[in-house]
Amino acid sequence: MSPESTGTARSAMSDVTELNLKETELTLGLPGTNNITTSSKRAFSETTVFTPTSSSTSNPAPKAQAVGWPPVRASRKNAMRGCKYVKVAVDGAPYLRKVDLEKYESYDQLLTGLEAMFGSLTIRNHLGNGAEYMPTYEDKDGDWMLVGDVPWKMFVESCKRIRLLKSEASGLEIRRTELKLKEKTCGN
Amino acid sequence: MNYFPDEVLEHVFDYVTSHRDRNAVSLVCKSWYRVERCSRQRVFIGNCYSISPERVIQRFPGLKSLTLKGKPHFADFNLVPHEWGGYVSPWIEALAKSRVGLEELKLKRMVVSDDSLELLSYSFPNFKSLVLVSCEGFTTDGLAAIAANCRLLRDLDLQENEIDDHRGQWLNCFPDSCTSLVSLNIACLKGDINLGALERLVARSPNLKSLKLNRAVPLDTLQRILMRTPQLTDLGTGSFVDEPDSEAYFKLKHTISKCRSITSLCGFLEVSPHCLPAVYPLCSNLTSLNLSYAVGLQGSDLMKLIRHCVKLQRLWILDSIGDDGLCVVACTCKDLQELRVFPSLPFEAGPSPVTERGLVAISVGCPKLHSLLYFCQQMTNAALITVAKNCPNFIRFRLCTLDPTKPDADTMQPLDEGFGAIVQSCRRLRRLSMSGLLTDRVFLYIGMYAEQLEMLSVAFAGESDKGMLYVLNGCKKIRKLEIRDSPFGNMALLNDVGKYETMRSLWMSSCEVTLGACKTLARKMPRLNVEIMNENEVEFNLDDAQKVDRMYLYRSLTGKRKDAPDFVWTL
């Protein structure tokens, strides 16, 4: 079985690091030909949700998340995720709680989760004027930081405990909508 | 034909152990069938819906050991809806009603309830061995019943199950009189366990050879347990975390060095790299090492450990080992037969450090390799051709590029030639799973060369019906074919409908087959169950031209199953 040429090389793929999905799209016909016949089959790209990588890195791997790909058992995926439980203290509440940060994928989800856990308090009020509680956390260095500045993954990695301060004590006002915008630009 | 009395035949048949050989024996003549069925003790049912429990019991009254498989393989990857089926209860109920003296039960991908476990536990006085793999539907209450009632329990092996952990005291349910345990695997339990009960159980089990702990068992408990079990051959650690200068860690190092019988090591569900040196004394005896859950270890930690493992035959590892680490494996583990490299996930962490380079190194250093599961960032035809030349003994070859349609990383060509080389060189290949950019050509090669192929997994591959036809026409021994997201349609499906009765099952999801074609197939082949599962669940559009989302067909002697949920339509 000699490596015979199966058609012209894909000349359009000049930049190796840039993922050009069109070229990998399956078509009826031999590779290298231009037989783009109409077909209703689904190319891989249509079955996935792509999160574009940040423009600063030329990461060739797409963040593709097709259902069931890569083919890894759920039990293994869950074990990989691990769990990161941190204590959560709320000003005025006598008991602390614990949350698993690995359960959430964004600041928004975390704050929603905390709101649900502590019942009636609002951590950021949607209209943005006068937040009730300010979320802060202690990082690896022992410093108390405002939640939301660093990318989510970095936060999960460095957060040791969380404290929800009553707004008047913190003297700061950051709106939840601002936080959402920040998350979008950081690509979290 | 029958010149010997039955007792002699039976004695001869005792030496025939494989299921396939015994099945062949039973086909020779009526008296051989009779002697074989009465003397058969071990029965394997690859698809629990292919036959009824009553019929199995009737044919094999001497049944002692039963293995059952339920859901299709792609259920592992969330492609099968949750309530699809695979219930073990009708089997256990039927067995309990009969006079079968069941001793061993092994289940894979089945739904098991606490009630079933309880019924199992008190219906069979000689019950010895329960192995559950990738099962769900039960809680630690069910385990408590097994512990309490199975007086002769030898094996309780729970592998990767979804168990609802009620954090009860189920380990306490083993009576003091239970001293028969040989194998205990609780690694998949998520909750806390009663450490005292565990230690006492281990202390009164002198025959214990295999022990796999869960995350809740800390290092100091492990040390105390190992003090009691110097005869252990197979160890799975729980949490392997402590300060390097702690007394517990010091004691552990000393205790472990005395466990000279351990040949198989796994676990490390939580691990601090600085604690790993404690197991170095075991490494030179290890034949099996599974570090695929040890997320806390870096490539450098793994390399340091593996350098000591000269006798290794089986290695399961994460891709954090990297190509360089695989080179260390290739230099050190000359007896390696099975290698699995799993992805560390998630994607966001960047590209995987495992590529074709690591695989080529392994093929050069480990010529005895026969089973491979390899998740990698990229692959090339040249690498696969080299691997095929170096390792002609592959029985199982599963390759997964993290991007499922990624072409050859050097030439940008499809990976047809590479996989073609594998099937042409590895004449004994029984299982193949491919990924990367693949055209119909790779299927041509498979049909031509893969004569022993029994199981093929296809994803995002091929260009036309021809691909699937090459496989169905060429692979005489194919038993399980599972296909997802590939452009195979009605023409391929209906070309040779008789073929499916020679196979266990066919799975096709997100392909081009239509409802009409499935109906035609079902009509022509009454002994096949053709199941359709659609996204919209209950409402089935009756338009024959509509494509089906998921089709699962399998041969069966029982006809349409009665436990199918609403969203499964058997044609």
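Predicted model: local features only at pLDDT ≥ 70, side-chain atom pairs only at ≥ 80, totals over all residues.
I call a charge "over a ring" if NZ of Lys or CZ of Arg is within 6 Å of the ring centre and within 35 degrees of the ring normal.

Residues are numbered from 1 along each chain as its sequence is written, chains are lettered from A and ligands numbered from 1 in written order, and side-chain values use heavy atoms, with hydrogens and water left out.

**Arginine over rings**

I looked up B:Arg561 with that charge test. B:Arg561 sits over the face of B:Trp84, 4.3 Å from the ring centre. B:Arg561 also lies over the face of B:Tyr49, at 4.5 Å from the ring centre.

**Aromatic pairs**

Rings of Phe, Tyr and Trp (its six-membered ring) pair if their centres lie within 6.5 Å; planes under 30 degrees apart are stacked, over 60 edge-to-face, the rest tilted.

B:Tyr49 and B:Trp84 have ring centres 5.6 Å apart and planes at 80°, so I file them as edge-to-face. B:Tyr49 is in the loop between β1 (42-45) and α4 (53-59) of chain B, and B:Trp84 in the loop between β2 (65-69) and α5 (89-97) of chain B, so the pair ties together parts 35 residues apart in sequence. My helices (H or I, at least four residues) and strands (E, at least two) are DSSP runs, numbered from the N terminus. Both B:Tyr49 and B:Trp84 come out buried. For burial I use relative accessible area: buried is under 20%, exposed over 50%, partly exposed in between (1.4 Å probe, protein chains only).

I then checked B:Trp316 with B:Phe342: a tilted pair, 5.9 Å centre to centre and 55° between the planes. B:Trp316 is in strand β15 (residues 314-318) and B:Phe342 in strand β16 (residues 338-342), both of chain B, 26 residues apart. Both of these residues are buried too.

**Helix α10 of chain B**

In α10 (residues 247-257), I found B:Tyr249, B:Leu252, B:Thr255 and B:Ile256 buried. Seen down the axis of α10(B), the buried residues fall within an arc of 125° (taken from the directions from the helix axis to the C-beta atoms), so they line one face of the helix. On the other side of α10(B), B:Glu247 and B:Phe250 are exposed. I asked what covers the buried residues: the cover includes α9 (219-228), β11 (239-240) and α11 (280-283) of chain B, with contact meaning heavy atoms within 4.5 Å.

I flagged the peptide bond from A:Trp69 to A:Pro70 as cis, omega near -5°. A:Pro70 is in the loop between β2 (63-64) and α2 (74-81) of chain A.

B:Ser134 has phi near 50°, positive in a residue other than glycine. B:Ser134 lies in the loop between β4 (129-133) and β5 (136-139) of chain B, and is buried at 14% relative accessible area.

I noted B:Asp485 as well, with phi near 50°, again positive in a non-glycine residue. B:Asp485 belongs to the loop between β21 (480-484) and α19 (490-494) of chain B and counts as buried at 7% relative accessibility.
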